Amino acid sequence: MTLTELARRVEVSIAYLSRIERERENPPPDHLVSALARALDLPADDLFAAARRLPPDLRARTEDVIAVYRQQAARRASR
Amino acid sequence: MTLAVAYAHDRSSREPRPMTTQQIWGVADQVRRQLAPGRSVVCLDLERLIRAAGRMMINGIAIATHWDFERSVHDGRGREALGVTEADPALPNIVLISLNAKLIAEREYLTNRLGLGASRNLFCFGVAVNGNAKPVLKLWG
């Protein structure tokens, strides 16, 4: 899919999408990350991870996410 | 409408060759004649210039411009910027112009600066689009 087609699908300007793609702009807002995931048929979690933030549904449970991560890290370290 | 402009330039790099003041005014005249035919104008209306700059023929090369006015523009370090003109290797012969509408709003004195910037871009577009196509999308990570 071209950048032009993707911009049309997620309803943002080509200039803005290009700046995101070239890492010249701040990470896009949640709704755009979700729209990009749908348009590209990618897991939204992957794109939120690429944008270096938790998906919105996990953001309210940051403590749980950290706890699970720490448990897994400790388990890996003990192997 | 396609705005056609021609000036002395290097064929391979597309950079403008050194020009005299008169030659630069000559380029400005080319634009004025097309945007305001039959009228003697010194200052061009910025909105009209932006509309007309959608499709251009610069030194025989067709160039399209895409504008974004709808959001903040940042300088790559997260600091807000007034705007930026760029080319993307994935978009051959397209120039991307992003203007920070929030910073520009209610600051009329900036429109003059923007007009100057937009005009100066006429000499940069040819070089800016002189890249290779690379259709890739990636986010951070």
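Reader: Which backbone oxygen does the side chain of Gln30(B) reach?

Author: In this predicted model, where local features need pLDDT of at least 70, side-chain atom pairs count only at pLDDT 80 or more, and totals for chains, interfaces and linings use all residues, the side chain of Gln30(B) reaches the backbone oxygen of Ala6(B) at 2.8 Å. Residues are numbered from 1 along each chain as its sequence is written, chains are lettered from A in the order in which they are written, and side-chain values use heavy atoms, with hydrogens and water left out.

Reader: Is Gln30(B) buried or exposed?

Author: Buried means under 20% relative accessible area, exposed over 50%, and partly exposed in between (1.4 Å probe, protein chains only). Gln30(B) counts as buried because its relative accessibility is 17%, and its place is in helix α1 (residues 21–35) of chain B, a helix being a DSSP run of H or I with at least four residues, numbered from the N terminus.

Reader: How many salt bridges are there between chain B and chain A?

Author: A salt bridge is a side-chain nitrogen of Lys or Arg within 4 Å of a carboxyl oxygen of Asp or Glu. The count between chain B and chain A is four, among them the one in which the side chains of Arg22(A) and Glu86(B) meet at 3.2 Å, N to O.

Reader: How many residues does the contact take from chain B and from chain A?

Author: With contact meaning heavy atoms within 4.5 Å, chain B gives 24 residues and chain A gives 26 residues.

Notes
Helices (H or I, at least four residues) and strands (E, at least two) are DSSP runs, numbered from the N terminus. A polar contact is a pair of N or O atoms within 3.5 Å; within protein, one must be able to donate a hydrogen and the other to accept it, and residues adjacent in sequence count only if both atoms are side-chain atoms.
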